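Good morning, and thank you for coming. Please look at the sequence and the structure as I put them on the screen.

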Amino acid sequence: MKIVMVGSGYVGLVSGACFADFGHEVVCVDKQESKIAALKRGEIPIFEPGLTELVRSNAAAGRLSFTTDLAGPVSAADAVFIAVGTPSRRGDGFADLSYVYAASREIAQALGRYTVIVTKSTVPVGTGDEVERIVRELRPDAEFAVVSNPEFLREGAAIEDFKRPDRIVIGTEDARARQVMADVYRPLYLNSAPILNTSRRTAELTKYAANAFLATKITFINEMADLCEQVGANVQDVARGMGLDNRIGGKFLHAGPGYGGSCFPKDTLALIKTAQDYGTPARIVETVAAVNEQRKRAMGRKVVAACGGSVRGKTVAVLGLTFKPNTDDMRDSPSLSIITALQDAGATIRAFDPEGMEQAKAVLPGAVTYCGNAYECVEDADAAVIVTEWNIFRALDLDRVRTLMRSPVLIDLRNIYRGEQVREKGFVYADIGRGISDPVSSHAIDAA
Ligand SMILES: NC(=O)c1ccc[n+]([C@@H]2O[C@H](COP(=O)([O-])OP(=O)(O)OC[C@H]3O[C@@H](n4cnc5c(N)ncnc54)[C@H](O)[C@@H]3O)[C@@H](O)[C@H]2O)c1
């Protein structure tokens, strides 16, 4: 099949490379000339494990190519995927659909034979209707269908997720389009990946419902962690005790500094707006978004508390900047709020991230000293904060860290160390909700 991917970012590039690997002929289009030029040279503009090899091998086999010219490939395509960004709109938090609609207009003008236009971008309910209206208005003569096929891949495990998805959701009422989508995903049909055929609106909403639910799960365990700290309980054990119940499941029950990233924050906000517009407010999701927003800055206060109540004039080493490991994506990372809160409180920031520093430099306000590795980062620091659980932070030489630091204070916002082990090494150690960092609370419980 001939497939065009409009937008060659995290989703477009991974999807395009995987479709090419399935044997399809794929053209990835992007507006950014520098991105396309880099891809043509075999340079991958994002960090995603396995992507460089996948792109290079499929490009070498002639199945994957890159261009800034949308019209040529679209005119010959069986399916055109829209994988452009849908960030939060400034001001009201609704999804900014201007990129999707601009792409739709360009696609409309280039349509040749019968083409299935597929929205892979995460878009609010009814966007498919609007895309269809736009294309129909510009090209009343064209034969096309608009399908919703939301993407569920996770950055850091994107290729695996795309090739072995938990499910594929295909939203269309058009039988001919459904057949094209079946051909596009044929290798996954053969692997018996669950395919969910739904209406277009149902598919659009399914993506938001899934992300909002995951955000809720994270926020729920984060609140339990706060309670654990007050009552002297251990949130990791609570999560395990909950998660072993098959109705709940253990995933997304890791307490931490609050969710971030390119999807959950903007998708929860967009769902909230949609639900309000339709007169059925999603109050749980509204609360989740509000609680999460406050939590990120509260993590800054946690660091201040671990430093004895003030960080003015102190140096804080931040280990990990990206919103999760194995990505370079800094969009809405909790580190942004935490660092700003610490700077507001008078701290000087040193930082290290294995992959995210280039992107961090573009978005982090204020002066930050970027370091070459974790040990350089903690040098002369008054406190070190683990914000992202990159593997290399899991096995730090704590003796070396202690001797490098001005004062040995470690705040582990991902609970990757065992408290006793770190304290034995002479550190002041704070974590998230394991109930052992606040002896006062434990005494209160004992007394009670
Ligand atoms: N990143 C994820 O993990 C993830 C997962 C699932 C779904 N999604 C959704 O997928 C969509 C894309 O996300 P992303 O993270 O890949 O975004 P991204 O910002 O990495 O990539 C979007 C790309 O589209 C390009 N673009 C914009 N308008 C264009 C046009 N008219 N023609 C050609 N190119 C154009 C941009 O230059 C950019 O390179 C969003 O709706 C997002 O919510 C993302």
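I shall speak about the surroundings of the ligand and then about the cysteines.

This is a predicted model, in which local features need pLDDT of at least 70, side-chain atom pairs count only at pLDDT 80 or more, and totals for chains, interfaces and linings use all residues. Residues are numbered from 1 along each chain as its sequence is written, and side-chain values use heavy atoms, with hydrogens and water left out.

How many residues surround the ligand? There are 26, and the closest are Asp30, Lys35, Thr86, Glu155 and Lys266; a residue belongs here if one of its heavy atoms lies within 4 Å of the ligand. By class, this shell has 9 nonpolar, 8 polar and 9 charged residues. Here Ala, Val, Leu, Ile, Met, Phe, Trp, Tyr, Cys and Pro count as nonpolar, Asp, Glu, Lys and Arg as charged, and the others, Gly among them, as polar.

Let us turn to individual atoms. A side-chain N or O atom of lysine 35 lies 2.6 Å from a ligand oxygen. For lysine 266, a polar side-chain atom is likewise 2.6 Å from an oxygen atom of the ligand. The protein covers 91% of the 830 Å² of accessible area that the ligand has on its own, by the Shrake-Rupley method with a 1.4 Å probe.

Finally, the cysteines. The structure holds 0 disulfides, a disulfide being a pair of cysteine sulfur atoms within 2.5 Å.

How values were computed
A polar contact is a pair of N or O atoms within 3.5 Å; within protein, one must be able to donate a hydrogen and the other to accept it, and residues adjacent in sequence count only if both atoms are side-chain atoms.
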